[in-house]
Amino acid sequence: MSRARSIAAVVALASSSRALAVPLQDALDPAGPQAQHLVALWDLMLAMSTVVFVLLVGAAWIAVLRRTRREIETPDLAHSEQEHRRLTRIVSAAVIVSALGLAALVIATIATDRALAGLPLQDALHIELTGHQWWWEASYDNADPSKVFTTANEIHIPVGRPVIFSLKADDVIHSLWVPNLHGKKDLIPGRVATHTIRADRPGIYRGQCAEFCGYQHAWMGLLVVADPPDQYAKWEAHQRETVSTPSDPTAAAGQHVFESGTCAMCHAVQGTTANGRHGPDLTHVASRMTLAAVTLDNTPANLAAWIEDPARIKPGTNMPGNNLPPADMGALLAYLATLK
Amino acid sequence: MSEVVLDPGSRDVDARALPSYAFGTSSLMWWGTVGVAAIEGTAFALAIIMYFYVRTRVQTWPPSADPPELIWGTVNTLILLASLIPNQLAKKAGERQDLRGVRIWLCVCLLFAIAFIVVRGFEYTALNVKWDTNAYGSAVWFLLSLHTTHLVTDTFDSAVLAALFFTGPLEGKRYADVSENALYWYFVVGAWLPIYVVLYWAPRWM
Amino acid sequence: MNRRIALVAVMIVAIAGCQREQRNFDETPSGATAIKSLRMSEVIPGAPDQPPHVVNPDENNAYALSEGKRLFTWYNCTGCHAEGGGGSGPALMDDVWIYGSDPANVFATIVQGRPNGMPAFGGRIPEKEVWELVAYVRSMSGKASKTAAPSRNDSIQAKPSENRVDPQPTTPYGTPQPPS
Amino acid sequence: MSTPALPGSSDVFADPARDARDAPLPEESVGLWGFLTTIDHKRIGLRFIVTAFGFFVLAGILALLMRLQLAVPENGLIGPDRYNQIFTTHGTTMMFIFAVPIMAALGVYLVPLMLGTRNIAFPRMIAYAYWLYLFGGLMLYTAFVLDVGPDAGWFSYVPLAGPQYGVGKRSDFWAQLITFTEVSGLLVTVSIITTVFKLRAPGMTIERIPLFVWAQLVTMFMTMFAMPAVMVASTALILDRLVGTHFFNYAEGGDALLWQHLFWFFGHPEVYMIFVPGLGVVSAIVPVFARRPQFGYPAMVVSLIATAFLSFGLWVHHMFATALPDVGKVLFTAASMAIAIPTAVQLFCWTVTLWTGKTVLRTPLWFVLGFFFILVLGGLTGIMVSSVPLDLQLHDTYFVVAHLHYVLIGGAVFPLFAGFHYWFPKVTGRMMDEQLGRWTFWLMFIGFNVAFFPMHILGLEGMPRRVYTYSAAMGWGALNMTATVGAIVLGFGILLFAVNVARSLRYGALAGANPWQADTLEWWYSSPPAFGNTHRIPVITSRTPLWTPGGIAGEVRGLSRSPPETLVTSGLEAHPDHRVAMPTPTIWPLISAIATTVLFIGSIFTPWAVVWGSIPVAIALTIWFWPTRAEARRHRALEKSP
């Protein structure tokens with residue numbers, strides 16, 4: 001019904017060629033209770049505003065266009081007291097109606113606010129999300145410290161279970177916004193904000209940074225993948241596994257290139273000597289659907305182009321270019337492919 | 001409520017009989033001075049709000065610094081309060097259009113202002129914090145420097161006005177300028193009192 | 001006629017001024033010539049010749065200097081040099097330079113490493129970033145122009161920022177220090 | 001003494017007495033020296049408007065560049081670095097160098113004429129304000145051309161614009177531009193407030209002040225208490241960047257939200273400082289084309305004042321997405337919705353006036369119709385974003401881009417173009433072409449709606465603000481292309497307006513004093529009004545002096561012509577109080593402005609510039625103040641002690 005609404009609300013210009021596999025990023029297509037409340041409030045506001053708009057602008061335009069004179073006539077100053085009182089009554093009535101309408105909207109806002117805050121939070125998943133200049137670092141908290149793991153730009157959550165994000169920023173202000181699940185919340189350096197969401201429908205929901213944060217603000221996307229609980233548990237367990245040296249010789253050579261070159265200075269692969277903290281954790285990079293904060297699909301060609309010269313794809317990014325000889329690049333790609 | 005025409009017949013006004021300058025709220029310069037004072041008063045109020053906003057960000061106050069020494073700030077406040085007397089007398093002399101009185105009291109006001117600036121120099125040495133130590137230091141230096149800028153500019157204004165009264169060329173409305181200049185000095189003093197309490201006593205009470 | 005000259009002069013100054021602000025994201029200057037030009041000794045057999053003077057392309061570029069400052073913390077230079085005051089590694093803010101303060105010398109020090117613990121970053125840090133680090137390290141002792149030098153960081157104030165440091169003369173290592 | 005011809009009758013155009021009365025006073029020098037030294041509020045006001053319109057065109061070109069870059073997904077036309085500078089310079093120019101100054105400039109030109117006085121109060125200060133404003137705008141565009149333009153958004157949030165992430169001198173140029181435009185804006189406020197309270201024609205009591213002047217007065221009071229907030233904020237930012245203070249450094253006790261509070265405490269009143277003068281222009285035009293006095297004058301005045309007070313109470317609605325406590329935010333929702341009521345009151349009063357009048361449709365009224373349509377839509381989307389929960393979905397998306405352009409272009413640019421077409425005959429003595437005016441209106445109206453309505457949908461479909469490109473997979477391409485086409489049509493509309501202005505300057509029909517047979521005093525003078533507007537200041541007896549028979553019941557005689565004097569009247573009842581000599585033309589405001597510019601730009605590069613830079617400023621100001629012997633002698637000749 002919501003897909004139909006967004007087309008009804010707009011002249012049907014949205015290109016229908018959007019492939020279904022493409023992740024959704026649409027505030028009018030709620031996949032969770034929070035976004036559902038917001039769409040309800042949006043519908044109320046849209047309806048009331050359309051009515052008020054038609055009445056007001058109609059009155060104003062008709063007032064002028066119904067009987068326009070050809071010439072500028074002499075002004076009539078004599079407006080009877082009785083007409084004045086009639087007009088005063090009309091204007092006062094209109095103002096009162098407007099005030100009541102606005103009061104209704106304030107009440108609707110407070111109701112929605114309370115509904116948003118009322119999301120049941122028992123057995124919630126805690127994720128600490130840190131915004132960096134131009135990617136997202138998510139570390140899944142757990143009572144048992146050994147079970148904590150970190151991933152980047154792709155956040156899997158179990159359907160039906162609430163998720164509490166604690167939002168931190170490492171450099172400038174960012175803003176977490178996954179329109180299908182909830183409104184946005186800023187990540188401000190020096191402060192910790194909390195944001196609670198819940199997905200009631202499995203799917204891939206795309207989000208994007210919504211607070212201007214520099215050169216690559218446009219390509220700072222993230223994916224929230226809502227999996228059925230069992231699929232999520234499998235994913236979570238897999239994320240906790242560390243990797244060992246790959247058996248395939250080219251992949252092993254690729255690991256050497258990774259650890260002896262520039263990669264290990266910024267990236268970490270759990271279970272190997274590479275422990276750089278300033279780039280995304282690549283332990284399970286091959287299992288992610290996209291690269292470079294949802295900019296490129298995760299294909300070997302894209303990966304090679306990205307490693308070769310990131311600045312050509314995302315000018316201003318903090319990852320430097322690496323002109324590796326073809327053999328090393330091939331080995332490195334093979335190694336990264338093993339990091340499922 | 002249609003527009004009622006007032007009593008008809010000629011309502012001409014003969015401006016020749018009117019004075020060519022005025023004192024107090026009917027003079028344009030009064031409105032200009034009060035307007036600028038209102039603007040800068042808002043800036044002072046916001047600087048004080050910034051000081052207390054920064055206060056909410058830390059537990060101990062002042063953070064890793066001793067409160068400013070009281071000696072110079074208090075001396076300066078006394079000088080400033082004392083300066084109200086010559087300031088008022090200069091204003092009265094201006095309104096009396098007493099040339100000799102204006103000359104004397106403007107010079108006395110100038111001496112007070114210069115004394116205040118000199119003591120302000122010592123105040124800066126006794127703040128116990130530098131502007132780039134932390135946000136508290138920045139807020140303190142911002143507040144004090146904002147007031148010092150007004151102090152220096154108003155002292156310069158008064159000096160120019162006083163010089164004019166000695167060298168001429170003079171005319172009637174200069175006396176109105178004297179009373180407005182006194183008005184602005186009231187603002188400089190009025191602005192200093194809350195700043196003094198905030199800078200010197202807030203760290204001790206909070 | 002002189003107004004046109006004045007206009008051209010202003011343009012040149014303006015253009016030069018804006019070199020400091022250029023953001024060349026993907027240019028990679030070569031460093032090989034820098035190392036070739038280095039000599040550890042003043043004494044040369046045969047006819048003396050002048051080694052090619054190597055200019056760091058990012059010398060006074062504000063963007064490169066700020067990238068250098070970021071990399072100084074990302075690559076953990078602070079681990080040994082602290083914020084420039086020195087720790088297990090030598091201080092970088094003062095005027096004492098053990099291996100020379102020219103861009104080529106600092107470049108070689110980073111790439112080749114130095115005895116007593118300076119790691120060799122050659123192949124570990126791309127050359128473009130090494131040049132940015134070189135520019136930043138020199139700015140820590142005031143060798144970069146004040147309008148391009150980076151300002152303070154949004155972190156604990158460890159030292160006055162590079163744009164508030166007055167240029168220090170370079171006194172080679174080993175000259176007797178006046179008793180401070 | 002014959003009372004002047006009854007206004008409203010046809011022979012008001014050929015009135016020899018009035019023409020003699022308006023013969024120019026001496027003291028007005030011409031040529032370049034006259035241009036640089038003038039203190040006539042009309043010459044300064046006009047160049048203020050033309051300069052601001054010039055910056056409007058520049059920023060419009062930047063907007064077209066942005067639309068071209070966003071027309072197709074993953075476009076390579078403009079890189080992120082240049083795009084960030086373009087959208088920042090577009091926003092900063094439109095808000096700080098076009099909208100606020102041009103509305104103040106309308107006041108500088110029209111308020112003295114509408115009040116029946118000879119010149120604005122403190123005219124030399126206004127000249128200084130103009131030069132400072134001009135140099136500020138030139139500095140910003142020089143920096144932009146040299147690739148050193150600000151790139152952190154027109155609101156320049158910290159820490160992106162802070163010392164660590166605001167690399168180079170870019171954000172310093174932004175912060176210093178704020179200082180330029182704020183000093184200039186604040187000086188204009190003091191001058192217009194003094195003019196409205198002290199220089200009204202005798203008999204113009206408080207409730208006979210035209211609504212346009214009320215709107216200007218309310219705007220100036222808002223400016224007076226809002227602009228210091230952004231001056232404190234931009235000064236704190238430039239101190240953080242240059243001398244290492246810690247106002248916004250969270251690690252040393254500062255806070256990034258302190259910037260947002262300070263900026264938006266100014267930011268929201270600022271958009272009302274742009275919008276309220278627009279209401280004033282509409283209130284000046286509606287009664288004239290409805291051929292009847294404006295209905296509900298007291299209600300309109302109270303609404304303007306209520307808008308001003310409320311505008312200071314809702315700045316946090318720009319910060320709903322931050323981690324501030326929610327209970328506080330709901331208060332701001334209520335305040336943000338409440339501010340819609342005063343505007344609604346004015347809308348109803350205009351509609352009722354037009355309904356009960358003998359309305360005649362000319363280009364100014366077309367733009368007022370456009371204003372109704374676009375502003376009401378923008379106001380309703382404003383109510384949507386004022387609701388805290390809904391704003392979480394809409395904040396910082398293209399929905400907000402659509403909302404702000406609807407209320408700013410609808411609320412300010414359309415009334416401004418109505419004002420241009422309405423007052424063009426008074427400023428130049430020639431009428432603008434009606435046919436071209438209609439075409440301009442429809443091109444701008446259709447172009448605007450085609451450009452900005454689709455952005456509401458883009459915002460709901462997840463397109464955030466300030467992105468230099470977007471992925472092809474998102475499906476936003478079609479709507480963005482539509483917006484680009486609309487923007488180009490809007491651009492053609494504004495181009496057609498410029499053509500109409502150029503054409504009408506030479507070939508426009510002669511307008512005479514009162515082509516629209518309007519009611520307010522500015523239509524009593526010749527077109528364009530001479531220096532000093534008139535020898536004999538009128539005595540007013542009604543709110544619509546040119547319509548009410550006997551509305552102008554007399555004149556003020558005995559004011560000297562050289563040095564030209566004007567009459568100062570009391571605040572409420574406008575009783576004559578005393579006469580004051582107008583200052584003589586002087587070059588020193590320009591020289592002081594140059595010295596101040598050197599100080600401001602120098603302090604970007606070295607803090608010591610503030611110290612050595614203030615010496616030439618002090619010298620220039622002293623010479624500006626110092627009276628010449630001839631001037632003092634002439635004043636003493638006319639002197640009369642109170």
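Modeller: One definition before we start: the expected span of a helix is 1.5 Å times one less than its number of residues. Also keep in mind that this is a predicted model.
Colleague: OK, so what span should helix α4 of chain B have, and how far apart are its end C-alpha atoms?
Modeller: Helix α4 of chain B covers residues 135-167, so with 33 residues it should span 48 Å. Its end C-alpha atoms are 48 Å apart, which agrees.
Colleague: And what follows α4(B)?
Modeller: That's B:G168, and its phi is positive, near 70°.
Colleague: Switching topic: which domains does chain A have?
Modeller: The domain assignment gives domain 1 (3-19 + 242-336), domain 2 (33-117) and domain 3 (125-239) in chain A.
Colleague: How many residues are in the contact between domain 1 and domain 3 of chain A?
Modeller: Domain 1 of chain A puts in 14 residues and domain 3 of chain A puts in 19 residues. On the domain 1 side, those are 5 nonpolar, 6 polar and 3 charged. The C-alpha centres of these two domains of chain A lie 19 Å apart.
Colleague: Now the chains. How many residues of chain A are in contact with chain D?
Modeller: 77 residues of chain A, and they meet 83 residues of chain D.
Colleague: Which element of chain A gives the most to that side?
Modeller: α3(A), with 16 residues. The elements of chain A giving two or more residues there are α2 (33-65), α3 (81-117) and β7 (185-187).
Colleague: And by class?
Modeller: The side of chain A that touches chain D has 45 nonpolar, 18 polar and 14 charged residues.

Terms used. Residues are numbered from 1 along each chain as its sequence is written. Chains are lettered from A and ligands numbered from 1 in the order in which they are written. This is a predicted model: local features need pLDDT of at least 70, side-chain atom pairs count only at pLDDT 80 or more; totals for chains, interfaces and linings use all residues. Domain bounds come from an automatic or database domain assignment. Two residues are in contact if their C-beta atoms, placed from the backbone, lie within 7 Å. Ala, Val, Leu, Ile, Met, Phe, Trp, Tyr, Cys and Pro count as nonpolar, Asp, Glu, Lys and Arg as charged, and the others, Gly among them, as polar. Helices (H or I, at least four residues) and strands (E, at least two) are DSSP runs, numbered from the N terminus.
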